[in-house]
Amino acid sequence: MTTFSRLDAAQLRASLDELADLLIDTVQGGASIGFLAPLDRTTATAWWEERAAAVAAGRLAVWVARGEGRLLGTVSLAFPDKPNSRHRAELVKLMVHQDGRGQGLGRTLLTTAEAEAVAAGVTLMHLDTETDSPAESLYRSAGWTRLGAIPDYAASPSGELRPTTIFYKHVGAEAVVLGS
């Protein structure tokens, strides 16, 4: 059975090894999430450790999926700190371990983040992902709107420059108004 939970800063710190394993696995699997391969444990652990302060400050929310006695996936929401942008959030670092793919974990993590964003008063979400990636297909099928692509935006884990697609989605009360 898979469980989904939101981590506070202490729980994030307690999960650093598992989160680092997931990040390393995701990069090794070819996902373009900001890192080049091979990603070492020290760098992966330090990256997650740096997120703890943002979680404690309420600028970042992190959810994890656990099953089979280990961490299988994660997703985060980054909340802006500017007064004119508190209605929006960025979906960041949706990752599913290679062993957990094809089981609907990515979609459930995405749905969890969307529902939690609405509960936090967010009406607009945005994200970027590698163009033509499996993640892009997930976002399209979940009702996200493709805004466009930026060529040569980020390097893949192998170092190849790849285009990135920008998506957005109205959620909550805003989505109801726009869909009327």
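Residues are numbered from 1 along each chain as its sequence is written, and side-chain values use heavy atoms, without hydrogens or water. Because the model is predicted, local features need pLDDT of at least 70 and side-chain atom pairs count only at pLDDT 80 or more, while totals for chains, interfaces and linings use all residues.

The protein chain holds 6 helices and 7 strands; these are DSSP runs, H or I of at least four residues for helices and E of at least two for strands, numbered from the N terminus. Their order along the sequence is β-α-α-α-β-β-β-α-β-α-β-β-α. The radius of gyration of the protein chain is 16 Å, which agrees with the value near 16 Å for a compact globule of 180 residues (taken over C-alpha atoms; the rule is 2.2 Å times the number of residues to the power 0.38). Along the principal axes, the C-alpha atoms fill a box of roughly 45 × 35 × 35 Å. Of the 180 residues, 41% are buried, that is, under 20% relative accessible area with a 1.4 Å probe, protein chains only. Among contacts (heavy atoms within 4.5 Å) with a separation of 6 or more, 58% join residues 24 or more positions apart.

The largest pocket contains about 890 Å³ of space. A pocket here is an open set of points on a 1 Å grid over the protein atoms alone, where a 1.4 Å probe fits, with protein on both sides within 12 Å along at least five of seven lines; lining residues have an atom within 4 Å of a point. The volume is the space filled by probe spheres set on the points, which are joined across faces, edges and corners. Its lining has 37 residues, with Ala-31, Ile-33, Leu-94, Thr-129 and Ala-135 nearest the centre. Strand β4 gives the most, 7 residues; α4, β5, α5 and β6 are among the elements that each supply at least two.

Helix α4 also contains Glu-114. Glu-114 is buried because its relative accessible area is 12%. Beyond its neighbours within four places in sequence, Glu-114 contacts Met-125, Trp-144 and Lys-169.

Ala-61 lies in strand β2, residues 60-67, and is buried at a relative accessible area of 1%. With neighbours within four places set aside, the contacts of Ala-61 are Arg-6, Val-75, Ser-76, Leu-77 and Phe-79. From Ala-61 to His-170 the C-alpha distance is 19 Å, across 109 residues of sequence.

Technical notes
Buried means under 20% relative accessible area, exposed over 50%, partly exposed in between (1.4 Å probe, protein chains only).
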